[in-house]
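Thanks for making time this morning.

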Amino acid sequence: MTDGIDPDVPPSGTGCADCDSAEPQGWWVHLRRCAQCGHIGCCDTSPAQHATAHANATGHRLIQSFEPGEDWFWDYENSEVIDGPELAAPTSRPEDQEVPGPPSRVPDDWTEHIHR
Ligand SMILES: [Zn+2]
Ligand SMILES: [Zn+2]
């Protein structure tokens with residue numbers, strides 16, 4: 001098994017686990033999946049950057065995009081895009097899930113809150 005990847009662990013859900021459990025709940029732009037434990041977090045463009053926070057907190061070094069049609073991995077340790085094995089399904093959020101989302105939590109001025 002590749003260091004930092006457990007292909008048998010399913011994703012934690014269809015949205016950012018940390019945004020969902022925050023008080024108040026947060027919203028995100030794109031989603032990333034921890035290749036080690038399946039944690040779904042939000043990308044670095046998102047207000048809270050939970051995927052990177054998870055990597056920093058746990059030492060889990062690899063994430064895979066959780067966006068439909070994207071299968072790249074990012075290695076935090078070497079700061080590079082890499083290829084990896086097929087992870088346990090589902091390998092992306094539902095196609096009809098809105099971006100940014102969830103819609104009920106996204107403020108009208110959301111473009112003022114993202115990281116570019
Ligand atoms: Zn988040
Ligand atoms: Zn993890």
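Which residues coordinate the zinc ion that is written as ligand 1? Before I answer, please keep in mind that this is a predicted model. The donors are the SG atoms of Cys16, Cys19 and Cys42 together with ND1 of His50, at 2.0 to 2.3 Å from the zinc ion (ligand 1). Because the 4 donor atoms subtend angles of 103 to 117° around this ion, the arrangement is tetrahedral. For comparison, the ideal angle for four tetrahedral donors is 109.5 degrees.

If you follow the chain, the donor residues of ligand 1 are spaced C-x2-C-x22-C-x7-H. Cys16 sits in the segment before α1 (17–21), while Cys42 belongs to strand β2, so this pair ties together parts that are 26 residues apart in sequence. Cys16 and Cys42 are both buried.

Let me move to the other site. The zinc ion written as ligand 2 is coordinated by Cys34 and Cys37 through SG, by His54 through NE2 and by His60 through ND1, again at 2.0 to 2.3 Å. Here the angles subtended by the 4 donor atoms run from 103 to 113°, which makes this arrangement tetrahedral as well.

The spacing of the donor residues around ligand 2 reads C-x2-C-x16-H-x5-H. Cys37 lies in the loop between β1 and β2, and His60 in the loop between α2 (50–58) and β3, so the pair ties together parts that are 23 residues apart in sequence.

Strand β1, residues 31–34, pairs in the antiparallel sense with strand β2, residues 40–42, over 3 bridges, and Arg33 has Ile40 as its bridge partner in β2. The hairpin that these two strands form has 5 residues between them, and within it Gly38 takes a positive phi near 85°.

β1 also pairs with strand β3, residues 62–65, in the antiparallel sense and over 3 bridges, with Ser65 in β3 as the bridge partner of Arg32.

Conventions:
Residues are numbered from 1 along each chain as its sequence is written. Chains are lettered from A and ligands numbered from 1 in the order in which they are written. This is a predicted model: local features need pLDDT of at least 70, side-chain atom pairs count only at pLDDT 80 or more; totals for chains, interfaces and linings use all residues. Side-chain values use heavy atoms; hydrogens and water are left out. Two strands pair if DSSP finds at least two bridges between them. Helices (H or I, at least four residues) and strands (E, at least two) are DSSP runs, numbered from the N terminus. Donors are N, O and S atoms within 2.8 Å of the metal (3.2 Å for Na, K and Ca); water is not among the atoms, so sites may look incomplete. Four donors count as tetrahedral if all angles lie between 85 and 135 degrees; four count as square planar and six as octahedral if opposite donors are over 155 degrees apart and all others between 65 and 115; anything else is irregular. Buried means under 20% relative accessible area, exposed over 50%, partly exposed in between (1.4 Å probe, protein chains only).
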